[in-house]
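Q: I am new to this model and would like a close look at one part of it. Please pick a starting residue, tell me what lies around it, and then lead me onward from there.

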Amino acid sequence: VVTWAKFAAGRGLPTLLASSTIAAVLCTTIGVPTVVRAPIVVGFIAAGPGLALVRVMKLGGLPAVAMLSVGLSLALAGIVGTAQVYAGLWSPIALLAILASLTMATILADPWLAGRAWDSTASRLRTQLTAVLVAVSGLLLLVGADGWTFGSPGSAVVVGVVALAMVAVAIASFLAFVARGSFQSLVVASLLPSAAMPLIAGFVHATSPGAATALALATGFGTIAAVRVARGGGWGLESMCAAALVALVILIARLLPSASGLVGVMLLVLGGGTWLIATGGRRAVGLAWPLTRHRGMTEGDRVRGRATTRYVPGRRVRMAQPARPESPGHDEVRRPAATDLRREIWRLPALLAIALSLALWLSGLGGIDVERMNDLGLISVLPAQVILAVFVLSVSMFASLLRREPHGLVPALHVVALVAILFATPVIAEGLPAGTTTYLHSGFAEYIARTGTLAVDLDARFDWPGFFVLTAAITQLAGLDSALAFASWAPVAFNLLFVVALWLLYRGLGLDWRLAWAAIWLFELGNWIGQDYFAPQALAYFLYLAILAAAVAWFRNERPRVEAVARILRSIPALGRLAARLYDAIEIPERASRIPPPEGLASAILAIVVLFTFVAISHQLTPFLTVMALLALAIMNHISIGRTAVLLGVIATAWVSYATLPFLSGHLAALLAQIGQLGRTVSQNVTGRIVGSADHQLILSLRLGFTLALWASAGLGVLIRMRRGQPVGTLVIVAAAPLPLVAFQGYGGELVLRLYLFSLPVVAVFVAGAVFREGQPVRSWIERGIVVLALAIMSVSFFATRYGNERSDAVTPLEFDAVSAMYDIAPPGSLLVTAYDAPWKFEKVELYSYVSISQEFVTGNEAGLVSAMSSLRYPAAYLLLTRREEAFGEMFSGLDPTAWDAFVAKVDGEPRLQLLYRNDDAALWSVVRAAGP
Amino acid sequence: MTWTITAGVAASTRANSFAALSSTVGAILIGLLVVLLLLRELRRIRARPGDREAGEVIDVLLAPLLLAYPLIVVVRLLLLLQ
């Protein structure tokens with residue numbers, strides 16, 4: 001991994017990125033089988049554009065690169081896709097073209113983006129190629145531009161304003177070019193009118209916006225080329241360009257399926273291939289390597305016979321040939337010293353422990369019988385090997401953290417194995433995504449993919465469509481039938497992303513490596529909340545962590561204490577001294593992490609804004625929790641980006657007050673009525689949830705007890721850290737920032753759960769910090785014993801608390817078959833009825849009316865049910881009853897175990913219901929309508 | 001029914017309602033506010049010669065926009081409640 005990472009960070013990365021970009025475009029256009037296409041396309045959309053951008057951001061560090069690569073890639077895809085949908089221009093292929101062009105342009109134009117001198121030959125060449133690539137992508141866009149229309153006057157106005165703004169920026173850039181000769185200004189001046197042209201064409205009722213775009217592109221890039229030639233620009237990197245052109249031209253051909261177009265494409269492909277062969281394979285492969293890097297030699301290198309790489313901006317450098325080192329004899333080969341061996345050999349038991357725990361886990365997976373689960377959930381059928389696997393892994397991790405020297409790889413492998421065991425266990429055992437909401441979210445994405453619009457009248461979540469649009473794009477481009485193909489694995493993927501963001505956050509706070517890993521471990525074992533399934537809040541939570549990590553790691557004030565504040569606090573009568581002491585305690589500054597250069601910081605601000613924009617258009621709650629955390633940190637002077645926090649607040653509130661009007665117009669009064677209802681919120685969130693069967697109540701009590709114990713331990717941890725003189729300030733502020741929300745919102749009885757999740761990263765640090773001191777391993781055997789005992793308890797409690805609802809959450813293949821059969825049978829417009837909630841709505845969500853009849857089910861009133869289903873408003877009506885609803889009724893409504901069978905028997909005996917389908921886990925009936933007159 | 005940009009602008013102009021006005025003007029003002037806030041933060045971070053003076057100019061523009069923004073949001077919400 002380390003070797004690959006070093007390779008990727010240097011020569012290999014641009015090549016890899018360019019190859020994956022071309023592969024993704026080719027896979028999408030030439031009909032590659034889904035099994036190959038899906039991983040390539042999903043991989044590219046999930047990491048490609050972001051990785052290309054991060055490469056020029058100068059932020060450094062593998063965790064930062066990994067976090068921002070995924071975050072930016074997904075956010076950009078989601079934002080562009082959402083813009084397409086709102087403008088009535090939904091086109092996944094155009095979205096891919098935009099992302100591919102952005103990636104290629106960033107790879108090739110990084111000297112320009114990084115603000116280096118444009119006079120560099122390499123910079124000129126790459127900018128030239130960038131221009132060609134952007135031109136090709138513009139051609140793609142213009143194909144889609146013909147006949148563009150707008151869904152509403154509002155979207156037309158917004159697009160018009162954007163077009164005019166682009167033209168204004170272009171004029172300003174051109175003036176800057178005239179005044180200063182800045183090449184980047186010229187590029188902006190030339191490109192923006194091209195992009196704005198289809199929009200302008202819409203204004204002037206041009207018959208062909210596409211033709212107007214083509215003209216503008218030709219003018220823009222002609223200008224660039226002319227200036228470049230006039231200033232002595234050369235030609236190069238042709239092969240790379242040719243390869244990209246071939247890929248993109250094929251994409252055009254797909255959009256222009258005429259015979260002449262195909263012939264033209266074939267000629268271009270043949271020409272490009274000949275060009276590639278003529279220029280040579282070595283050149284083709286090496287083209288993506290930044291040309292500003294030349295292999296030269298320092299005097300020291302010459303002595304050692306080793307070449308180094310360094311930047312030589314702005315001029316050509318004669319390549320120095322490294323001196324051939326003398327071949328060392330056998331005896332001269334450096335052998336590891338004994339101390340090195342001792343240092344390295346400790347990894348062996350840790351790696352064996354990981355292998356052992358994985359073997360235990362795999363051996364236990366086969367013994368899970370989902371059908372036998374009781375109201376205690378997954379733990380009732382979980383083989384002991386799986387729990388033992390977590391315990392062995394935890395003890396091995398703890399032993400790794402007792403080492404003196406840090407080694408990131410071993411703890412990282414432990415964490416990856418832990419995430420796999422904790423979150424992949426139900427995925428493998430059950431086979432299908434758990435929870436009906438996953439099916440609904442998949443259905444939302446299917447609706448957007450099919451119609452290119454938002455069903456805001458159907459569900460309020462369409463007012464925050466970013467996640468669903470992103471899912472729709474990925475599903476369509478990957479050639480998948482439904483997001484259900486990958487939705488099961490969402491908890492595994494999201495938790496791995498959480499780990500990366502948490503590592504950057506903790507290290508950014510200056511926490512010791514042991515404490516950081518221990519807190520991550522606790523976070524995962526304490527993550528029973530289950531908000532990491534296939535849902536907008538899961539991705540938004542990762543982006544929240546990423547934004548927080550970026551703010552804390554790169555913009556933290558080393559001296560947050562403000563003397564004026566301390567003075568004001570001291571002046572308060574009676575409480576002044578205590579308040580001032582508390583302020584001083586909270587304001588103990590943490591160690592600052594490495595600060596990137598100014599260009600890196602500016603890039604980080606832009607990245608934060610992009611990440612947040614996606615959060616704001618994807619989820620209702622997370623944007624405000626993010627803003628509250630950043631504002632609190634800025635007000636307390638712990639971070640220096642107060643204006644950015646305000647900016648994010650403006651984005652969040654602007655989205656709510658403009659884009660979510662369909663939701664607000666019906667719910668605003670109810671939302672405002674919740675303000676100040678603190679008691680109601682608490683009872684709705686805590687006491688109101690403890691209902692159901694005895695076993696289920698036991699699980700709920702366990703969850704409550706675990707949460708309270710964790711919070712109490714965290715409180716103790718705060719006191720211990722303050723007593724030791726260790727910093728708590730930033731963490732306390734982050735944990736406390738969302739609390740005022742309790743006074744404003746109940747969030748459907750889930751607010752306290754969300755607050756637990758948002759406090760968990762901080763709580764984990766304080767609990768772990770009670771044992772792990774900064775800079776030294778745990779030495780006390782008593783403390784070690786307590787940790788091992790706690791790990792044993794948490795290994796069990798995790799499966800009980802996290803998967804306590806699994807009996808009703810799990811969806812069996814037979815249940816899914818029944819739902820699929822229902823969609824095959826039921827004509828559009830039908831009424832679909834079930835007892836509570838079924839794994840449905842994953843397709844054609846708007847074409848049916850869905851109703852739950854829990855009241856009739858609980859009271860055994862099958863006659864009332866049939867009457868309701870006989871309404872002539874619907875062409876047909878169907879009743880679906882599944883195994884999971886029996887479980888749901890028993891677990892959450894406390895129904896007698898015989899009630900389900902009795903109700904099904906009544907339904908079977910009802911003459912007005914006709915059985916259409918039945919298997920072991922589900923049955924489907926239709927209402928028999930009386931013959932008409 | 002579909003709309004071209006021209007038709008959209010024409011409809012908005014014809015409507016001449018407070019809602020249309022607040023939507024259009026509000027969207028432009030918020031866009032401007034977002035851009036200025038971003039520019040101000042970037043200039044502060046990069047701290048190049050001349051950026052300080054430019055930052056002060058931006059601050060002069062930002063102040064009224066920051067005051068106007070909550071007003072726009074509150075008025076829109078009040079309209080919704082009516």
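A: Let us start with A:Ala83, which counts as partly exposed because its relative accessibility is 44%; buried means under 20% relative accessible area, exposed over 50%, and partly exposed in between, with a 1.4 Å probe and protein chains only. A:Ala83 sits in helix H3 of chain A, residues 62-86. Helices (H or I, at least four residues) and strands (E, at least two) are DSSP runs numbered from the N terminus.

Before going further, a word on what you are looking at. This is a predicted model, in which local features need a pLDDT of at least 70 and side-chain atom pairs count only at pLDDT 80 or more, while totals for chains, interfaces and linings use all residues; side-chain values use heavy atoms, leaving out hydrogens and water. Residues are numbered from 1 along each chain as its sequence is written, and chains are lettered from A and ligands numbered from 1 in the order in which they are written.

From A:Ala83, hop to A:Gly466: the two are 383 residues apart in sequence, yet their C-alpha atoms are 9.3 Å apart in space. A:Gly466 is in turn one of the contacts of A:Ser618, along with A:Trp464, A:Phe467 and A:Pro536, leaving aside neighbours within four places in sequence; contact means heavy atoms within 4.5 Å. A:Ser618 lies in the loop between helix H26 (598-616) and helix H27 (622-635) of chain A. With a relative accessible area of 3%, A:Ser618 is buried. A polar atom of the A:Ser618 side chain lies 3.3 Å from the backbone nitrogen of A:Phe467. A polar contact is a pair of N or O atoms within 3.5 Å; within protein, one must be able to donate a hydrogen and the other to accept it, and residues adjacent in sequence count only if both atoms are side-chain atoms.

A:Thr28 belongs to helix H1 (residues 2-29) of chain A and is buried, with a relative accessible area of 8%. A polar atom of the A:Thr28 side chain lies 2.5 Å from the backbone oxygen of A:Ala24. Not counting residues up to four places away in sequence, A:Thr28 touches A:Arg37, A:Val41, A:Ile93, A:Leu96 and A:Leu477. Of these, A:Val41 is 13 residues away along the chain, with 7.6 Å between the C-alpha atoms.

Now for the interior. In soluble globular proteins, nonpolar side chains tend to be buried together. The largest nonpolar core here has 203 residues, and A:Leu68, A:Tyr506 and A:Trp554 have the most contacts inside it. Such a core is a set of buried Ala, Val, Leu, Ile, Met, Phe, Trp, Tyr and Cys residues joined through side-chain atoms within 4.5 Å. Helix H23 (residues 536-554) of chain A gives the most to this core, with 17 residues. Beyond four places in sequence, the contacts of A:Leu68 include A:Val54, A:Met57, A:Trp554 and A:Leu611. A second, separate core of 22 residues includes A:Val833, A:Phe857, A:Leu895 and A:Val907.

Five strands of chain A form an open sheet in the order E4-E3-E5-E7-E6, with mixed pairing; two strands pair if DSSP finds at least two bridges between them. Its edge strands, E4 (849-852) and E6 (913-918) of chain A, each pair on one side only. E6(A) and strand E7 (residues 922-927) pair in the antiparallel sense over five bridges, and three residues separate the two in a hairpin. Across this pairing, A:Leu913 has A:Val927 as its bridge partner, and A:Leu915 has A:Trp925. In the loop between E3 and E4 of chain A you will find A:Lys841, which is not a glycine but has a positive phi of about 65°. A:Lys841 is partly exposed, at 22% relative accessibility.

A last note is about confidence. pLDDT is the predictor's confidence in each residue, from 0 to 100. Chain A averages 74, with 66% of the residues scoring at least 70. Over residues 111-120 of chain A the pLDDT stays under 50, and the model has 25 contacts beyond four places in sequence for this stretch.
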